Amino acid sequence: MEQRHLGRTGLRVSRIGLGTLTWGHTDENDAADLMKAFWEAGGTLVDTADVYGDGEAEYLLGRLMERLVPRHDLVIATKAGSVPDPERRVDGSRGHLLAALDASLARLGTDHVDLWQVHAFDPDAPLDETLQALDIAVSSGRARYAGVANFCGWQLAKAATWQLAASGTRTRLASTQMEYSLLQRGVEREVLPAAVDLGVGLLPSSPLGRGVLTGKYRHSTPADSRGGSDQLAPFVAPYLDDAASRIVDAVVTAADGLAATPLQVALAWVRDRPGVTAPIVGARNAQQLTAALSVETLSLPDEICQALDDVSAPMHRYPDQNWSTL
């Protein structure tokens with residue numbers, strides 16, 4: 001699999017990442033099959049978080065690194081800051097973040113992670129305090145690189161600029177992780193331009209539109225799908241409207257013309273967008289993952305990309321466009 005630099009750093013990662021959001025509820029043998037298929041395909045970037053499965057995802061990943069895949073073959077990315085507290089869903093304080101990192105390292109069974117990200121912006125914690133936790137993590141060797149997730153445009157720009165303001169004493173942001181797909185192009189409004197300008201690599205989550213872009217929901221909701229489960233149906237529901245259906249139909253048409261699958265077309269589109277480093281793919285089994293990894297051989301023709309751009313284009317006017325043309 002092709003490797004790409006993460007933002008404006010020396011860290012290289014596979015251009016498709018493996019997500020572990022559901023690993024807290026995944027059988028260890030199934031997770032082992034996923035990890036083996038990913039590793040054998042040349043994948044290196046594995047994304048997790050301290051809250052996935054209440055820590056079970058990190059435990060499982062640690063066990064697989066111990067017995068199945070060499071630690072040095074992987075780029076381990078985890079996140080901290082999200083907390084299971086309905087009164088305060090994010091804790092970006094220095095104390096919480098560093099304690100969470102130590103707990104993640106213990107669960108993972110390693111002395112460092114390759115990429116450590118703040119899971120979300122905390123409006124109740126001073127941003128410079130949150131960012132100092134990243135500096136301490138890197139300077140202490142517990143993390144090699146640092147990034148953020150779910151920061152809006154001004155939050156990302158402020159954080160990345162702060163880290164660049166004192167060269168040599170602060171850790172530049174390597175990444176930002178955000179939802180991005182043909183069904184969710186909101187990051188193109190401000191987040192992606194800021195990331196490109198400041199040398200921050202984008203790691204798209206839900207690059208298949210929460211599964212909808214595979215086309216499996218076109219005519220009905222499969223009983224064994226996320227949309228068919230009581231727990232995850234609300235997660236999928238926003239992408240089952242008429243506007244999404246038109247985009248999915250266009251993806252299916254493009255796939256038919258290219259002798260590819262809708263999954264391949266949708267994933268190739270987001271993988272090759274400017275500023276994107278590696279979409280994070282979550283799969284329930286090795287068969288689904290293999291289907292996603294098969295996109296490595298596909299590059300979309302320019303006319304197909306343009307057609308998909310047009311049918312999925314979000315409404316961005318003032319002040320995103322040049323004001324003189326409005």
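Thr277 is buried in this predicted model. Its relative accessible area is 4%, under the 20% limit, and therefore it counts as buried. The residue sits in a loop. That loop runs between α9 (262–271) and β10 (280–281).

The largest nonpolar core holds 88 residues. Within this core, Trp23, Trp116 and Leu156 touch the most other members. Neighbours within four places in sequence are left aside for Leu156. Its contacts are then Val148, Phe151, Leu173, Thr176, Val191, Ala194, Ala195 and Val200. A second core is separate and has 11 residues. Among them are Leu6, Leu45, Ala174 and Ala278.

Helix packing was examined for α3 and α4. Two packed helices are described by the angle between their axes and the distance between the axes. Helix α3 spans residues 94–108, and helix α4 spans residues 127–139. They pack at an angle of about 35°. Their axes lie 8 Å apart. The crossing of α3 past α4 is right-handed. On the α3 side, the contact is made by Arg94, Leu97, Leu98 and Leu101. Helix α4 contributes Glu129, Thr130, Gln132, Ala133, Ile136 and Ala137. By type, the residues of this contact divide into 6 nonpolar, 2 polar and 2 charged.

Technical notes:
Residues numbered from 1 in each chain as written. Predicted model: local features only at pLDDT ≥ 70, side-chain atom pairs only at ≥ 80, totals over all residues. Heavy atoms only, no water. Axes fitted to C-alpha atoms, helices over the stretch in contact; angles between N-to-C directions. Helix = DSSP H or I, 4+ residues; strand = E, 2+ residues; numbered from the N terminus. Left-handed = near helix turned anticlockwise from the far one by under 90°. Contact = heavy atoms within 4.5 Å. Nonpolar A, V, L, I, M, F, W, Y, C, P; charged D, E, K, R; others polar. Core = buried A, V, L, I, M, F, W, Y, C linked by side-chain atoms within 4.5 Å. Buried < 20%, exposed > 50% of the residue type's maximum accessible area, 1.4 Å probe, protein only.
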